[in-house]
Amino acid sequence: NHYSPGINAMATTHSGIYNLPFTETFSASAIPASWSQQTEGANIAENWTISPTNKSGGSSYEMMSTRQNRNPGVIRLVSPPINTSGVTGLDLSFRYMLNDYGPGATFSVQSSIDGIAWTTESWSVQSREDTDSEPIFVNTSIVSNLNSPISYIAFTIEGNLNQYDNFYIDDIFLKASEYLSYDISASPNQPNGGITTGEGNYIFGTEAQLTAIPQDHFRFANWTENGQIVSFEEIYSFIVSGNRTLTANFVKEFSVIVSSETPFQGITSGNEVYIEGQTATVYAWSDDGFSFLCWTENGKQVSSQSSYSFTVSCDRNLVANFQMPNNLSQPEFQEVKVYPNPSKGLITIENSTSSSRALESITLIDESGRGVSDKNFTDNPQKITEDFSFLPDGFYFLLIKTENTKDKIVRVLILK
């Protein structure tokens, strides 16, 4: 049964929304501020009060409704608003005692999500001839007006309100018995890119945890839903509030390895792991007395440029080849001095007093070919001192560029 017309406004202002489980023992001498009353019909009085008795079988203080000479009419004792989001069933227990006068009044439990339209739940009793019932403990269920941020429960008396003497209620307890559940689906964007775990059916409000595990030569990129990125973490956790379909995106990655055919003739840079489709650039610098010849792979030339760029689509193993030029005259870079070497970190680069070439830039490269420090000069210095003491001890290559001359490479040892 549904009820909505002719309801008078609730008599008490709500004090907030309650969560499950919910308990009310009416243990004080006043009606709890969060409870209210409703009436339907002409001249119906709000007659729920706190009684210091324990007629319903609980402790002293309980709610009591008394007869009034009105027929027909409706009087409700309404609970505070209760959050039932994700809940599809409630267990309700309470104590009551009914002092009948005669047939014609119905006592029931009702539910609502707005406090206006009410649905009668499964429990109800009818008034009978003039009798006093024993205290009764009730276990029943609520199945309507749930899965809502606000639900109300009411103890309702309707019909001939003169057909009972007193109705007592106490020790109300509500808990969730059934929950909504949702399907969480996850899959990789490409079958050989990786696998996902954590998919399944979850109860509303619980935590789901999805994990993306890349296969060899793949890297996890992100989780997406409907094309939108929702996480960059391989382990993605969230509170379940609905069905979700997520995609773990994996990208293929390849290694680019570079080396010098003869280490003392020059150095290389560009050892990296790249995502498929990225542009890689590898570099080669010749040492004094040598010049760059070409890049080779598996013995075949792939580029004659010392700076070689390409689109990554597979693992690459590139070798920089150098040659000794025909002109074996003394290199002009002997005019540049690097000291002290070994160094504790402070290194000075100095042009000889007879040189008019200014220093343009220096780059420090570790033995794996990675640049670890880079500095450009705009004031045309002839001498500079740099502090590399922040670097770990070991051998490094110092690439020196000066005005209008070829690059110079000096191997330096930092030993603190």
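# Reading strands, cores and rings

Q: How many residues lie between E30 and E31 in their hairpin, and which residue in the turn has a positive phi?
A: First, the labels: helices (H or I, at least four residues) and strands (E, at least two) are DSSP runs, numbered from the N terminus. Two strands pair if DSSP finds at least two bridges between them. Here, four residues lie between E30 and E31, and Gly369 in the turn has a positive phi of about 95 degrees. Strand E30 (residues 359–366) runs antiparallel to E31, with five bridges joining them. One place to look is Ile365, whose bridge partner in E31 is Gly371.

Q: What kind of model is this, and how are residues numbered?
A: It's a predicted model, where local features need pLDDT of at least 70 and side-chain atom pairs count only at pLDDT 80 or more, while totals for chains, interfaces and linings use all residues. Residues are numbered from 1 along each chain as its sequence is written, and side-chain values use heavy atoms, with hydrogens and water left out.

Q: How many residues of strand E31 are buried?
A: Buried means under 20% relative accessible area, exposed means over 50%, and partly exposed is in between (1.4 Å probe, protein chains only). For E31 (residues 371–376) the count is zero out of six, so that strand is hardly covered. Turn to strand E5 (residues 62–66) and you find it mostly covered, with four of its five residues buried.

Q: Which strands does E5 pair with?
A: E4 and E12. Four bridges tie E5 to E4 in the antiparallel sense, and Trp48 stands opposite Ser65 there. Another four bridges join E5 to E12, again antiparallel, with Thr66 facing Asn166 of E12.

Q: Which residues in the largest nonpolar core touch the most other members?
A: The general idea is that in soluble globular proteins, nonpolar side chains tend to be buried together. A nonpolar core is a set of buried Ala, Val, Leu, Ile, Met, Phe, Trp, Tyr and Cys residues joined through side-chain atoms within 4.5 Å. The largest one has 34 residues, and Phe94, Tyr96, Phe107, Trp123, Phe167 and Ile169 touch the most other members. Several strands give it two or more residues, among them E7 (87–100), E8 (105–112), E9 (118–126) and E12 (164–179). Apart from it lies another core, of 17 residues, including Ile347, Ile349, Phe388 and Ile400.

Q: What does Tyr96 touch?
A: Contact means heavy atoms within 4.5 Å. Leaving out residues up to four places away in sequence, the contacts of Tyr96 include Trp123, Val125, Ile136, Val138, Phe167 and Ile169, along with Ser56 and Glu134.

Q: Which kind of aromatic pair do Tyr18 and Phe22 form?
A: A pair of aromatic rings is described by the distance of the centres and the angle of the planes. Rings of Phe, Tyr and Trp (its six-membered ring) pair if their centres lie within 6.5 Å; planes under 30 degrees apart count as stacked, over 60 as edge-to-face and the rest as tilted. The whole structure holds 19 such pairs. Tyr18 and Phe22 are edge-to-face, at 5.5 Å centre to centre and 85 degrees between the planes. Tyr18 counts as partly exposed because its relative accessibility is 29%, while Phe22, at 3%, counts as buried.

Q: Where in the chain do Phe22 and Trp35 sit?
A: Phe22 is in strand E2 (residues 22–24) and Trp35 is in the loop between E2 and strand E3 (36–40), 13 residues apart. Their rings form a tilted pair, 6.3 Å centre to centre with 40 degrees between the planes. Both Phe22 and Trp35 are buried.

Q: Which residues do ring pairs link into a cluster?
A: Trp48, Phe94, Tyr96, Phe107, Trp123, Phe155, Tyr164 and Phe167.

Q: Which ring does the charged end of Arg67 sit over?
A: A charge sits over a ring if NZ of Lys or CZ of Arg is within 6 Å of the ring centre and within 35 degrees of the ring normal. Arg67 has its charged end over the ring of Tyr101, 4.1 Å from the centre. Arg244 lies over the face of Phe238, at 4.4 Å from the ring centre.

Q: What is the strand order in the open sheet that contains E29?
A: E28-E29-E32, three strands with antiparallel pairing. Strands E28 (336–339) and E32 (383–387) are the edges, each pairing on one side only. E29 (residues 346–351) and E32 share five bridges, and Thr348 stands opposite Thr385 in E32.
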